[in-house]
Amino acid sequence: MCYQSSMTTDRIVVVGAGITGASIAYHLAKRGAKVAMVDAVRPGAGATEKSFGWINATFSKHPRAYFDLNQLGIAGWRRLETELGGELKVQWGGSVAWVAAGGGADALRDSVRRHQEWGYATHLIDGDEIHRLLPNIAPGDFGAACYSEYEGAVDAMDAVKAMLRQLREAGAEVRYPHEVTGLKLERGRVTAIQAGESSLEAGVVVLACGVAIPRLAEMAGVSVALKESEGVLVHTRPQPKLIDRVVLAPDIHCKQKLDGRVVVGGPVVAGPGTAAGTPPEPGEYGKRILTEAAQVLPGLRGVGVERITLGRRVMPVDEYPIVGFAASCPNLYIAAMHSGVTLAPLIGQLAALEILDEARVGLLEPYRPARFMD
Ligand SMILES: Cc1cc2nc3c(=O)[nH]c(=O)nc-3n(C[C@H](O)[C@H](O)[C@H](O)COP(=O)(O)OP(=O)(O)OC[C@H]3O[C@@H](n4cnc5c(N)ncnc54)[C@H](O)[C@@H]3O)c2cc1C
């Protein structure tokens, strides 16, 4: 079946200006396509601006095909960083992870071995090596630890802004706030997006609007199954340099951004203020997370909370990406994924091949939207 619009010279409308939509729009515009991108709020307003931004292919990334996709995702960032020149800086430094004594050491060793067999640059390390890589970290007693050399972290908003600048230079239109409220359909194809009274004609529509994808896709009879998943991050004010790699301790994970701010991820707490979209009260929760983080990163002792973010992950029910043209609406392209930061440059590149060249990229076959249709 040919999924592609015969109208690649027509406008391609990308709905959602998060990291996924920005990357798809950027890669399309780079090829000379006529692109318009719209966002209900502002670029990055969804999961993207609340993301930790770890670029990785470790250990939740399996089976092999999904690991391969993520490893190519890492390579995609190397390529994008080069392409955007000085406009974007990824913090390459790898990640250091460890588990508590008696707390899953065998599982970590098995994961490291499996990833090594897949050719991934990760290896077990001892306390001396942790100290060499992270002199300001105090891991305490641990059961097993590893270093994944080629991982990194990025400020996803910096990346969105850099791609948007390029998009505008290529003549693409970026509209916000512009909430898509409907899709105009004719003979099984989408012909325009609607935002209240206004409509924008399209040869192809890309739905990259995160947790809003199921609602819009449903209008075209396409089922996209996401589940609820929230994540909290605590941000400090700029600090002197403490760490220059992603740190994955048993109960918290943290990184230090180029501006010196330390970002700490912890569990979502139950209780008031944790409803979707409403950050918990910064005071107590943030202090608790930073106190916990200070046990492994003593330089955080006494450091105050600057802000807390609570994000809704774009989490497919089976936790794998949902990417590609919808079988029942052949010019509607869906792009929903967790690990969207890791995957964004790659997905943008592959989506451009599928949208502009009628290619069906084999790497994306396991992730087609059709898997949710009865
Ligand atoms: C706490 C947290 C930590 C994370 N950590 C990592 C990590 O370390 N590494 C990693 O790879 N991934 C991570 N993720 C996941 C990653 O951030 C997401 O997968 C990614 O940001 C999704 O980007 P997106 O562009 O698909 O969606 P979003 O960023 O949600 O963007 C969707 C956009 O669509 C817009 N929109 C919504 N409805 C409409 C509408 N009707 N009309 C027009 N526009 C609309 C929204 O305003 C929004 O800007 C994390 C996520 C969270 C929440």
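Predicted model: local features only at pLDDT ≥ 70, side-chain atom pairs only at ≥ 80, totals over all residues.
The buried residues of the helix are Ala105, Leu108, Ser111, Val112 and His115. They lie on the same side of H3 because the arc they cover around the axis is only 125°.

Several elements pack against these buried residues of H3: helix H2 (64-83), strand S5 (95-100), strand S6 (122-124) and strand S7 (142-148).

## Helix H3: length and end

H3 runs over residues 105-117. At 1.5 Å a residue, its 13 residues should span 18 Å, and the C-alpha atoms at its ends are 18 Å apart, so the two values agree. After H3 comes glycine 119, which has a positive phi, near 90°.

In soluble globular proteins, nonpolar side chains tend to be buried together. The largest nonpolar core here has 57 residues, and those touching the most other members are Ile19, Leu28, Trp77, Val206 and Ile355. Helix H8 (residues 340-357) gives the most to this core, contributing 10 residues.

## Contacts of isoleucine 19

Which residues does isoleucine 19 contact, leaving aside its neighbours within four places in sequence? They are Thr48, Trp77, Ala156, Ala159, Val160, Met163, Gly340, Val341 and Ala344.

How values were computed: Residues numbered from 1 in each chain as written. Heavy atoms only, no water. Helix = DSSP H or I, 4+ residues; strand = E, 2+ residues; numbered from the N terminus. Expected span 1.5 Å × (residues − 1). Buried < 20%, exposed > 50% of the residue type's maximum accessible area, 1.4 Å probe, protein only. Arc of directions from axis to C-beta. Contact = heavy atoms within 4.5 Å. Core = buried A, V, L, I, M, F, W, Y, C linked by side-chain atoms within 4.5 Å.
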